[in-house]
Amino acid sequence: MAVFTEVSEDEARALLHTLKLGELRELRGIQGGIENTNYFATTERDGTPHEYVLTLFERLGPEQLPFYLHLMKHLAQRGIPVPDPQPDANGDILHTVCGKPAAVVNKLRGKSELAPLASHCAAVGAMLARMHLAGRDYDRRQPNLRGLPWWNETVPVVLPHVNESQAQLLRGELAFQNHVAGSSAHAALPTGPVHADLFRDNVMFEAGELTGFFDFYFAGTDTWLFDIAVCLNDWCVDLPTGAHVPDRADAFLRAYAGVRPLAAAERQLLPAMLRAGALRFWISRLWDFHLPREAALLQAHDPAHFERVLRQRVRAPAVSLPALR
Ligand SMILES: Nc1ncnc2c1ncn2[C@@H]1O[C@H](COP(=O)(O)OP(=O)(O)O)[C@@H](O)[C@H]1O
Ligand SMILES: N[C@@H](CCOP(=O)(O)O)C(=O)O
């Protein structure tokens, strides 16, 4: 369930009126998601139905939200198919509902592709590269709040909950990632706004075509390579085993590089960044699993999955990436 705050039809109607989005016809709580309260809202305007998503932010506040919401607007204005936050008469896109920060965005068509083929991975790769290029002139900056400083803070918190072999892997990998982050190759990596959580459940497809992607609330300013690694570790991995799937990874990388060729430092650091991407989600899943927030996390994701991915990435750093040869 992902309705932590009940929104009445009257409250939703009032906001939709203020935003001039039409007359509320239907308000439905959305089941998926683990962070925020989400509703689908259907309105009628000029005799036509329009569909929106109303989100109440349960954890993020006015310090962090403008970066995410303005990034979505910036990308939408440049033709990237992401939800477009709707403004009020003053141009504000961050609203208040039930005393919580809230946003209204357009509903994307399609549904998630949870068993992707190489063609889906190629579509995601090309779209990610387009997003990176479209974000180059975005003028706000906010660090990836789930980046290296957070890993350094959080690993000691989760260590008491894991066995000795897992503790060794966590400590060793964290030391390795701190070392990589201090290297000259790392300093040469191109950076910009990244999505940082572009998993299968955050991308929509319809009839095999990518129709959009959403959930920008882990976005931040970071290396583009980190975004690539996060995608490869989800879209191009066999979920039961955590094994790299070469044909999907190849399709993803070819399509990405077709829009934005990778720099030499990116090719050099991809194996290390694949480990970083696996470490990031292993840590957050351990943290969510062993130290759940009150009521919010009803279905923690399985931490063991990213432990398996990380072990494979450490064991076989030279994954075959033909697109980069
Ligand atoms: N703009 C959108 N268009 C269509 N569906 C959306 C949109 N935003 C959210 N959803 C739906 O709501 C669900 C939960 O959204 P998500 O952003 O993943 O929530 P959370 O941030 O709580 O994890 C998604 O799985 C999707 O089905
Ligand atoms: N993708 C992350 C968790 C983030 O959840 P989301 O529902 O907000 O995408 C993971 O799989 O650990």
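Ligand 2 in this predicted model is surrounded by Gly33, Ile34, Glu35, Asp197, Phe199, Asp201, Asn202, Asp215, Phe281, Ser284, Arg285 and His301. Both domain 1 (9–106) and domain 2 (118–324) give residues to this shell, so ligand 2 lies between them. Ligand 1 likewise lies between the two domains, because domain 1 and domain 2 both give residues to its shell.

**Ligand surroundings**

- By class, the shell around ligand 2 comprises five charged, four polar and three nonpolar residues.
- Around ligand 1 there are 17 residues, of which Gly32, Gly33, Glu35, Leu108 and Asp215 come nearest.
- The shell around ligand 1 divides into nine nonpolar, four polar and four charged residues.
- Gly33, Glu35 and Asp215 belong to the surroundings of ligand 2 and are also among the residues that come nearest to ligand 1.

**Domain arrangement**

- The chain is divided into domain 1, residues 9–106, and domain 2, residues 118–324.
- A distance of 28 Å separates the C-alpha centres of domain 1 and domain 2.
- Contacts between the domains involve 18 residues of domain 1 and 18 residues of domain 2.
- On the side of domain 1 that touches domain 2, 12 residues are nonpolar, three are polar and three are charged.

**Annotated span**

- An unreviewed UniProt entry carries the annotation "domain: Aminoglycoside phosphotransferase" for residues 27–261.

**Helix H3**

- Helix H3 covers residues 118–134; at 1.5 Å a residue its 17 residues should span 24 Å, which agrees with the 24 Å between its end C-alpha atoms.
- Because 13 of the 17 residues of H3 are buried, this helix is largely enclosed by the rest of the structure.

**Helix H10**

- Helix H10 runs through residues 303–315; at 1.5 Å a residue its 13 residues should span 18 Å, and the 19 Å between its end C-alpha atoms agrees with this.
- The buried residues of H10 are Pro303, His305, Phe306, Glu307, Arg308, Val309, Leu310, Gln312 and Arg313.
- Elements covering these buried residues include helix H5 (164–181), helix H7 (224–235) and helix H9 (264–290), together with strand S10 (237–238) and strand S11 (243–244).

Conventions:
Residues numbered from 1 in each chain as written. Chains lettered and ligands numbered in written order. Predicted model: local features only at pLDDT ≥ 70, side-chain atom pairs only at ≥ 80, totals over all residues. Near = placed C-beta within 6 Å. Nonpolar A, V, L, I, M, F, W, Y, C, P; charged D, E, K, R; others polar. Domains from an automatic or database assignment. Contact = placed C-beta atoms within 7 Å. Helix = DSSP H or I, 4+ residues; strand = E, 2+ residues; numbered from the N terminus. Expected span 1.5 Å × (residues − 1). Buried ≥ 20, exposed ≤ 12 C-beta atoms within 10 Å, placed from the backbone. UniProt positions renumbered as here; feature names shortened; annotations may be inferred.
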